[in-house]
Amino acid sequence: MADMHTPPPANLPALPALLATLHPSFATHWQALPPHPTASTLRQHAAHWLSWLASNTAPFPEHQLPVLHSVLASWQLSHPASATLFPSTSSEARSILAAWIGYADQHTLHAELLSTLHWAEQFPLAVAPWLVTVNAAFREQVVKVLSAAPAAAKDQAALEWWHHQTAKNQRAEIRSAALNVLVQQLQLPAFSIAATQYLVSELERSPAATDTIVAALRRLVPPPVPVAPPTEPAAALQWAIQEYLPYRRWQANQAANPAATAQVQQLAQTFSDWFLSAYPDHLVGTKAPHQQQYWAKRALKTPAADEIVLWIIADGLGWGDALTLQQLVVNRAGGRLSLAAATPCFGLVPTITSHTKRAVRWAVPLHHTEAAKANYFTQQPIPPADVRGIDNLAEAVQNAQPGQVLVWQPPEPDSIYHHPGSAQTIRNKAEGSLNGLAISICEAVNAVPATNSVRVLITTDHGRLLSESPRVLEPIAGFTGHGRAAFRAKAPAGLPIPRPEGALDTDTVRWLDPERYRLPDWVAVARTDASFKIVNNNGGMRGGTDLFPHGGAWPEEVVVPWVELHSHLAKLLVGGVLTGENRSNRAGVATLQLVNTSPRPARLRQVEISIPRLEPLVVAFDDLLPDSAELQWAIDLPRWPDTAQADKTQVTVMLYTPDGEQHYFTLTANLRNTDLRQVSANPLDDLL
């Protein structure tokens, strides 16, 4: 009898099932984890666990803890790095959530948690339920930082706090909240001293800086007057978005500032002259990322077999509006989309829908669109679907197939900007239309099955002037004014098309030769801020004022956006090497070679070269490294390393992605010296 034992009761519930009975509010998750979950599945599960536990203030009864700990341990078995994400108290859960979502004070995080967060990557659930807590935490941090800093260093303290945020793997909504809180505090009298030109210029460059934020910053500190525009395409683009557009937006809101208006006129006309002279040979049809058609050609490539691509060509979406739209989409997408690219590029001229939209859609000059369209349909296994701008994109998605491109061409925001009304009223309505576009895009994204990936591409057919424009330019006979361009309703037959009589370049008008500019006919574009008069049916002309017209070649008209949002954002993977040879202890030039093997672009911001016994060399950059690309840069070394130093030289590059993340990569250094191959007549050379 002593050897006999009582058998266990039949159908004893599993531990997760037991906990599901005891704590039904988490019932859908207690037993949801498969035996061998992927890292992605476990991250989702951990996020659900922390969110539930953080809101469950009542502690687990003591007698339940052994069962709970056993279940938590079983969840971690496949991925031990996740252990920190499965605490058993609500206070621990709140602390871990604050760090993972990205609103914890960075200085309070311990090494073990930081290591776990590196494995955990970005918080995978919607963060909207936490935004009130997030804003309060950020406000407390900013007030503490700014209050503690001396008056002369408050701007630096604010910028350091902001850099701590950009170094975190935050969701876009969290980074946007951080910037909003910082800007709100800078507007208070107690902290306005921190709003220096240095700080404001840095903050407004952030992808999270919408037009509203930039306007708030520039009410505190007017932007500096831009330098003259550069003549290299990539540099001209950066000048346009970093120097010209901030100043131009500020100037356009000045009630009466003739000096600023004259400054904008001079800068924009200088840019326009360069742009139109460089356009035929360097800007249209070139295989370079500074050209919009470079990106449009990539949009037409066959998607992955499980992917649906939504390509939105919004009418008249300027650079600032595009940044606002992408922020609205990311915030509404509930974590399904991440920002992969937000790239400025040069669009087509004249900046009129009739001359640009089809050319953008088919990524070829206007008169080649029909041939490109026919060729494309014969090559694609699944033809693209063009969705009318007035139709519901989400309904079209329901009929789409994986591996298909859907092209949607809504008339907004251009149709809003052409409404009558005051400038501010129109701006407000245009902002509302961007919110409507974001809702439509996110509804379409949600209509894509979760088993499929989705890629959203956003661009436009043209930009627009950021101010009103007097209609004072008179079209020549046979031509009709359309905003800041004038052209004929129908091109004459026969090639080449002779220059029309009276088509003279002046200080106010430039004429585009159809052969050089790849157009169907001659077109006149405004050089100043003026527009063309409207030709009535009886041949008379009507003047007046145009609000936010387009058609010319000012920076805000031709610098257009290319935005990409991915549901499964690949990691940024960059490798490279620093090479070169020179005599040791002499100045020399090394070559930095970077290879981006990931399908997302980034900007090279900094290179740090550490040579033993020498001060580290830090070189600043602001250059685009496109996805799946290889580029080189020359770097001046003030003192070339000897053999021993070269063997221990370390190279670190910092790149910045459009979602605001900073990425650091350590590269190989292959610096050789030629000391043994050269003999100097001066024995003191090697001591210099």
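## The second largest pocket

About 750 Å³ of space lies in the second largest pocket of this predicted model. The elements that give two or more residues to the lining are helix H11 (211-220), helix H12 (233-252), helix H15 (319-332), helix H20 (423-447) and helix H22 (555-558). By class, the lining has 13 nonpolar, eight polar and nine charged residues.

On a 1 Å grid over the protein atoms alone, a pocket is an open set of points with protein on both sides within 12 Å along at least five of seven lines, while a cavity is a set of points where a 1.4 Å probe fits but cannot get out; lining residues have an atom within 4 Å of a point. Grid points are joined across faces, edges and corners, and a volume is the space filled by probe spheres set on the points. Ala, Val, Leu, Ile, Met, Phe, Trp, Tyr, Cys and Pro count as nonpolar, Asp, Glu, Lys and Arg as charged, and the others, Gly among them, as polar. Helices (H or I, at least four residues) and strands (E, at least two) are DSSP runs, numbered from the N terminus.

## How to read the model

Residues are numbered from 1 along each chain as its sequence is written. Because this is a predicted model, local features need pLDDT of at least 70 and side-chain atom pairs count only at pLDDT 80 or more, while totals for chains, interfaces and linings use all residues; side-chain values use heavy atoms, with hydrogens and water left out.

## Cavities

How many cavities of 30 Å³ or more does the structure hold? There are three. The largest cavity has a volume of about 440 Å³. Its lining is made of 24 residues, and Arg205, Pro207, Ile241, Trp319 and Ala342 lie nearest its centre. H12, H15, E2 and strand E18 (602-610) each supply at least two lining residues, and H12 gives the most, with five. The lining divides into 14 nonpolar, five polar and five charged residues.

The second largest cavity has a volume of about 90 Å³. Among the residues that line it are Ala172, Arg175, Pro207, Gln326, Leu339 and Asp659. Helix H9 (172-186) and H15 each supply at least two residues of this lining, which divides into six nonpolar, four polar and two charged residues.

E2 and strand E15 (residues 559-566) pair in the antiparallel sense over eight bridges; two strands pair if DSSP finds at least two bridges between them. Within this pairing, Thr343 has Trp562 of E15 as its bridge partner.

Gln238 is found in helix H12. Buried or exposed? Gln238 is buried, with a relative accessible area of 12%. Setting aside residues up to four places away in sequence, Gln238 touches Glu243, Pro344, Arg603 and Asp622, where contact means heavy atoms within 4.5 Å.

## Nonpolar cores

A nonpolar core is a set of buried Ala, Val, Leu, Ile, Met, Phe, Trp, Tyr and Cys residues joined through side-chain atoms within 4.5 Å. The largest core has 71 residues, of which Trp30, Trp49, Trp75, Leu85, Trp100, Ile101 and Phe138 touch the most other members. Helix H3 (residues 39-55) provides the largest share of this core, nine residues. A second, separate core of 60 residues includes Tyr247, Trp250, Leu267 and Val405.

Not counting residues up to four places away in sequence, the contacts of Trp100 include Arg43, Leu50, Leu85, Leu117, Phe123 and Pro124.

## A three-strand sheet

An open sheet of three strands has the order E11-E6-E14, with mixed pairing. Strand E11 (531-532) and strand E14 (545-547) stand at the edges, each with a single partner strand, so one side of each is left without a neighbour in the sheet. Strand E6 (residues 468-473) pairs with E14 in the antiparallel sense over three bridges, and Ser469 stands opposite Asp546 in E14.

## Helix H16

Helix H16 (residues 353-362) is mostly covered, with seven of its ten residues buried. Among those buried residues are His355, Lys357, Val360 and Trp362. Ala363 follows H16 and has a positive phi, near 60 degrees.

Technical notes:
Buried means under 20% relative accessible area, exposed over 50%, partly exposed in between (1.4 Å probe, protein chains only).
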